Amino acid sequence: MRSGAVPAPGHLRAALRGGPAMAGARLVAVEGLVRELLREEAPSRIAALTEQLFQAASNISEEGGGAAEVEPRPSGPGHLSEPPEETGGSCVSPPAAALAQVEESAINLWNWTVTKHTGSVVNDQQRAKLRFVACRLVCLCEGSDPPEGTIRRQILMSMKTGKGWIDIGKADIADGFLETAMSSIEKLYAKLLKGSDGEADINVHKADVEKNLFKVLSYQAESAVAQGDFQKAVTCVQRCKDMLMKLPKETCYLSILCYNFGVETYEWKKYEQSSFWLSQSYDIGKMDLKYSVGKEMQAKVLRLLATAYFEWDCNLYLDKALKAISLANQEKIHPAGFFLKVKILLKSGASDEDINSAVAEFLHNDMSLDFCVNIAKLLLEHGRESVGFDFLKSVPERFESSPDLGKITLLHIEFLLQNKRELLAKQKVEEVIIGHYTGKHLLPEALNQLHVMLWDRAAKHYEAKSYSEALHWYNYSVSFYTPGQIDQNLAKLQRNMASCYLHLKQIGKAKEAVKEAERCDPNSIFTKFSVYKIAVMEKDTDKAVEAVIEMGRLAEKSSQHEDKLRVDENTGTNLLSLAAQIALENEQQVVAIKALEYLSEHLQDCRQLFAALKCLVRLMLSKVMAEHEETRDDDIKSMLAYLTLAHKRLAESFTDEKFTVDMRILEAHWFRKVAWNLAVQFRGCPEKMRDFFLLSFKFSQFCPSDKAVLIAQKTCLLMAAAVDLERGRQQVTPSEQAELLTQALQHLQACKDIWKVLKLTGDFAKDPTDTLLLLYEFEARSKLNDPTLHNLMESVWEQPQIEVKTLEIIASLAMESPARYPVLCKKALKSALNLHRKQTVIDAVKFSKCLHSLINLSLPTGLTDLDACVLQEVWDYFEDALSVVSSTDAYPEMEILWLMTRAWNTGIFQYTVGKYKEAEQWCGLGMRFLNHLGSLKKSYEGHLNDTTLSVLVDNCGAYILQMIGLYSEVLDKLDRVKGFLLNEEE
């Protein structure tokens, strides 16, 4: 069975699924919900219970209802009456008693729903659902032969329930209840016929039944239309129409019902159905004038019918449309009827004579000025200029005293302009201007419309480059302003006039117009732009820059107001962009740079922004290249700022769906290369070089990590670290040095990560990056006194391929202030010395320098109390030196002299503390080096054999002679000490 349909009484009496016991339980449960609802006051709880009841009743009806033969008392009008009270408990069986209680609850629910809906406690949908429940329960309680009152009540409940569902747009549910109502009507008629006493009674009963039948049929028609069942709706309405002879009072109702059907189908663009229903409505309205809808309603029906024919197919149904609208105008004169008639005639291509006749019809009637304006528009829009302009000329006479007469004048001017009758339009405008100064003022709204027309005409001439003609129309607009008036529209007008004057090279007049605009609207970005254009044309750079600054300030101010539309911000950027373009066209680089700077701060579109920044970078770069080094510092800072902004906006561009990945990569590559080239260009300024290298690295992070990009990233970070280390070696405060060294470490760590990846892409055996990373990191950590330094060096000592030069640099850095790591220094020098020894041919010069450093570190100058182990270690270094000196003539002679001196001085220090044996060894060591002095020894040999020594003029020669003398003294002293020791033993 279809959802919403009411089962026939015989089926209702069938047992519920599960038998009578289960059926009774279900009904009792529903009845309990009804009683709970009737006691409830809270809207939310009422809504919830309504849904529960609706679902429960729907389930019962779908399973099949059971009913007992219970005959409640007939109901009267108004609220439904309650079922009869039982006279004794033994007269009704328990199931019947239960059903009677259910029926009583259903009637109470119905009446409660009526009351609550009136009080707006339940809405239309809830009312429909509760009526559904009440009607279902009453049907379940119906007996096999219900009395007349029960049938009438069921007819009423079924009709109202069905109508409720139609009203809330659920006509399919309504059908079942309307069918039930129809069945009940037939049942009632049969019952009445059975009890009638003659033909008179039959006619009375028939009339009684037909009223309900008419309503049910009309409701069924409504449902059919709602569901698109045109044929069923026609059948139902025809039956209703046949019954109007007996029910004449329903004529108005049925006519309006058909009109409503016509409106609905017209809105659905079902013009054929709409025309049928509207024709039916009109015909029914004529059937009984006493109960007719009235002429006004009939005219309304006919106007819609004419409109339906017109929109359906005007050419095919032209005659029907004209006939319908003519009948409508005969029924009741209305502006809409005349307007529609003219519209139909125009659409059909009627002659001017026919249209003039139609227009003449309503000229004799009292029509409003607005209606006349609309008619005139209609005529002119359809190209009926002759009829339209004649009509416009006749209208002012009819409305001469109307304050709205200006509407006709404006319309006249508008269509003159549209038809390219500009001279006539000018005459009309001049008439209006004369009237304005002679007391015939246009209303404010009409005057605004006139200004719009004048500006629009001027703008068209401006676009056509007819600047003088544009000024003519702008001057018309100016004529309506009083001298000294302050108005933003007047400022716009003056700015537009200034633009025309500039194109005509009339600078003086342009300046006067801009001055007037400034008076009216000084804080307008458009006014500042006009000032700017004049300054550029006059090549007044300072004034042009000042105007750009003001424009930038106003653009910033407008973008900060949240209540401003986005178009305001776009206007600011568009004007700044145009300002830059004008400056470039006029070769004013400084002005263009300033305009682009402000533009780049406000642009939201990524593509436009990067285009502006590129232009800005190129301009500034050319400016910097033309400047002297001492004057370009500020411009270099500006370049850094531009690139920093570009990086910031690239990082933000991920949220812009229009800015694709490929676009981002392309822009990043461009700015990366520019930053790299700038770093190279400004290598004479290490700090700025580092900043540009770091920016190049940051831009490269937006690029795919191919080999070329990785190499560039590595180089950028190495250069940045090198600059930070170099600056750290300079005269800076400890805190500044620590900051620089920490930054260097950060760059090095990032570089190491990149280097690891890069080494996987190819052979980098000859690349010095590993060495540089090691040396830079060692310097930074050593000067920061980093506790992880020793861990770093452990990995260094284990490297088999470490170079001598690297070890020597490490040794030097280990003792470079503020670092002091003598143990690491010594270890590095020892490793370097070992590597020198392992070479096939020892490089004596490099070997001597390394040994020099190692001896200096191990044997500090001025110390006398040295540990024997230390002396032995140093002695070994001197022995190594003697070995190399003996094997080659390439050992630097000054280094041999230094070794000789250090050995000798060490012996003397031992001698002063009474260590004669050690003194003799070290002095002897020094004398051994004397034999290897080449040119120095020969230079002083003669002096060494000269006993007078008075002719010694060279310090070195004197020093050698002194050594010889002291060495003899040491030996003598040593002999005496040995003799003393022997005497003691004896």
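Predicted model: local features only at pLDDT ≥ 70, side-chain atom pairs only at ≥ 80, totals over all residues.
A crossing of two helices is called left-handed if the near helix is turned anticlockwise from the far one by less than a right angle, and right-handed if clockwise.

**Helices 38 and 39**

Helix 38 passes helix 39 in such a left-handed crossing. Their axes come within 10 Å and cross at roughly 165°. Because angles over 145 degrees count as roughly antiparallel, helix 38 is roughly antiparallel to helix 39. On the side of helix 38, the contact is made by Phe 847, Leu 851, Leu 854, Ile 855 and Ser 858. Helix 39 contributes Val 870, Glu 873, Val 874, Tyr 877, Phe 878, Asp 880, Ala 881 and Val 884. By class, these residues divide into 10 nonpolar, 1 polar and 2 charged.

**Helices 29 and 30**

Helix 29 and helix 30 pack at an angle of about 155°, and their axes are 11 Å apart. The two helices are therefore roughly antiparallel to each other. Helix 29 passes helix 30 in a left-handed crossing. Met 639, Leu 643, Ala 646 and Leu 650 of helix 29 take part in the contact. From helix 30, the contact includes Arg 664, Glu 667, Ala 668, Phe 671, Val 674, Ala 675 and Leu 678. This contact has 9 nonpolar, no polar and 2 charged residues.

**Summary of the pairs**

Technical notes: Residues numbered from 1 in each chain as written. Heavy atoms only, no water. Axes fitted to C-alpha atoms, helices over the stretch in contact; angles between N-to-C directions. Helix = DSSP H or I, 4+ residues; strand = E, 2+ residues; numbered from the N terminus. Parallel < 35°, antiparallel > 145°, perpendicular 65-115°, else oblique. Contact = heavy atoms within 4.5 Å. Nonpolar A, V, L, I, M, F, W, Y, C, P; charged D, E, K, R; others polar.
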